[in-house]
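Here are some exercises to work through with the structure open beside you. Try each task before you read its solution.

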Amino acid sequence: MKFYLSLMAGLLYCAGWIKILLGYIRHKNKLKHLGQMTAILGFGLHTLILGLSMQKSGTFMGQNYFELLSWTILLLSLLIWIGKKLNFVFFLGTSMSFFFYTSGFLLSYKLKHSIAHQTINFWFSLHIFSLSLSLSLLALAFGSSLIYLYMEHKIKTKSKLPSFSREMPSLTTCDRLNHLAIVWGFPIFSFSLLSGFIWASLVWAKLFKWDLKEILALVIWSFFAYLFHQRLALGWKGKKIAKLTIFIFILFLVSFIGISYLKNLT
Amino acid sequence: MQKMNTDIILLGLNHKTAPVEVREKYALKDYPLGEISSHFSPQVLKEILILSTCNRVEFLGVGQKEKIIPGILRFWANICQGSEKELGNYVYIYQDLTAIKHVFKVASSLDSLVVGEPQILGQLKTAYRKALEAGTCKTILNRLMHKAFFTAKRVRTETQIASKAVSISYAAVKLAQKIFGNLSQASALLIGAGEMAELAALHLLHSGVKQIYIVNRTLSNAQELAKRFKGKAIPYSDLDKILIQADIVISSTGAPHTIITSKQVKAIIKKRKYQPMFFIDIAVPRDIDPDLNQLDNVFLYDIDDLQEIVEENMVSRQEEAKKAEAIIEEETIKFKEWLQKLELAPTIKELMQKGEALAQKEAEKTSKKLNLSPQEAKQLQVMAKALVKKLYANPISFLKKTQQSTSSLDYLDLFRKIFNLDENKHFYHKKNQ
């Protein structure tokens, strides 16, 4: 039953994403709205799946972290879309959500929770949820940075702008989303690491185990802290920030998938 | 189309057929629509609309073409104190399908001097409103105008004919919007003067730019411009200070050397906390160091770059115009079909067919319920059809009588609406109005 529900949610995400994409390419607002509605329907179903999973096993993480990540990405996209009236955020959100949901679904046999359920307590739940929120913000910042770099390159080199670019947000709007995501994302990420260490000290009676995952988490945190500082204290904007955001997000993806894959192999 | 003297006639002149002095002479700014219709009997000229803009004057009429065409030419020449012979050299005349197609083309801005410019649709709507107020727009022109507006909307949404800037100043504004988005939070700085720079400033002002600063070597000139643009005049010596506040800089001085250097802007952008800056250099020789474009968050376009964008957009508009032609063709055919139905014989035929089909369906239903024999069922069908004929006899006879009156088309249209003869068409029409 859960498999079919998950498959249906995935199909709804896919259909929603394709419709929004076609809406942008063909400049059809109706298609975009239809896509948004489909994706919201998928989100509703996904929420139900996570709710059922929580009721059954006591954890809201679903099949794996990617599944939760795709849910929080769409949740944040919805909130930003409603609050800031930034239409393209929803497009970014559905693209990312679809990507992570599909990855999670396809890799579900590879990436399982490596933590036994009895060890999941309040701090671990907090750690995972805040981690997911901060990474969702980073994912949105990554998407907007990609658009920023593409548009910046086109304007800078005076190249012909493709027809779909008229649907793309301005450079300032992309940068604004990046700002929002970094300003909220970094404190949440820091909190997530802190709650993770507290949980580790409770379970293993040790704050830091020199585990590869922990080391990489600290490396990512340092880069994230640098990005946060340059953005807020020095007022960096635009290209440099966009490049740094992309680098940090890719670093996270590579380390996260790498570690999870290696753990499953051993 | 010709059976009921409902020829659609369009005659006019435009930028393609007449030079500006002729267009000026024969322009009809405050045209007396009531007066022109009083020159013709209601049987000859049933409906009329006049579109007069700086690039075209067009009369769109419905009635008997043999009498309308010379009559309008005479009236037009008289009112503009010209001659029919002179007018004849510049005027084009379209009838029926070609006239309909031309109206759709005009509304969709395919016949405009700048293809895709949006003003013409507004001008056509004003012309239609005036005709409605004067009572010279009835069944056919009403429908034709609504169809024209609908076609224009289709062309605008289904093609990209109007999505790209085709003037240098507007291209600059479009680029500024790609960088800053909504310009209501952006400030612009105008250095020097010149027609194109002023035009760009005007476009920026219309796009809602927050503040315009004007710098000129002669402060009084800056103050004069500031008055026009509701901006702020700044002495030339304060250029560096004001550059920190400016998001968009348009420069067009007559200086023989560059007045803004890359080194200068590098320091400024740091002070601006890397807020993007957009420089538009319209001056020849150039005012701004071209190396500026290498700096992060700084964008520089000169006159050649903008010209190139405009030329590319012009080519793209021509390509989109081909797609628009196909839409116009499609809508013309639909309008023609509607027009052909707006006659007595097809209307009566359609009504009877619809009524008989309904009678047959109901008779069959009743036969099944009552389990009638084939002979009885046949008799029931005959009775139902006879009932339809008798029921429709009076309305049809009334409709035939009205065909002698001047409002015959109105009656026909009303009749079709009462009996829902354009069922699908109506839904389509209403939906798209």
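Two strands pair if DSSP finds at least two bridges between them. Helices (H or I, at least four residues) and strands (E, at least two) are DSSP runs, numbered from the N terminus. You're looking at a predicted model, where local features need pLDDT of at least 70, side-chain atom pairs count only at pLDDT 80 or more, and totals for chains, interfaces and linings use all residues. Residues are numbered from 1 along each chain as its sequence is written, while chains are lettered from A and ligands numbered from 1 in the order in which they are written.

**Exercise 1.** Find the residue that stands opposite Asn216(B), then work out the order of the strands in the sheet.

Solution. Step one: go to E7(B), where Pro235(B) stands opposite Asn216(B). Step two: look at the strands themselves; E6 (residues 211–216) of chain B is joined to E7(B) by 4 bridges, and the two run parallel. Step three: follow the whole open sheet of 6 strands, which reads E7-E6-E5-E8-E9-E10 (chain B) with parallel pairing. Step four: check the edges. Strand E7 (232–235) and strand E10 (298–302) of chain B each have a single partner strand, so one side of each has no neighbour in the sheet.

**Exercise 2.** Which strands does helix H10 (residues 219–229) of chain B touch?

Solution. Helix H10 of chain B packs on the sheet and touches strand E5 (187–192), E6 and E7 of chain B. Contact here means C-beta atoms, placed from the backbone, within 7 Å. Angles run from 0 to 180 degrees between N-to-C directions, and axes are lines fitted to C-alpha atoms, for helices over the stretch in contact.

**Exercise 3.** How many helices and strands does chain A have, and how do H1(A) and H4(A) meet?

Solution. Start with the count: chain A has 8 helices and 0 strands. Next, take helix H1 (residues 2–26) and helix H4 (residues 87–106) of chain A: their axes come within 9 Å and cross at roughly 145 degrees. Then pick out the residues; among them, Gly10(A) and Trp17(A) belong to the H1(A) side, and Phe98(A) to the H4(A) side.

**Exercise 4.** How many residues of chain A are in contact with chain B?

Solution. It's 18 residues of chain A, in contact with 18 of chain B. To place them, go to helix H5 (122–156), helix H6 (171–204) and helix H8 (239–265) of chain A, each supplying at least two residues of that side.

Key: Contact = placed C-beta atoms within 7 Å.
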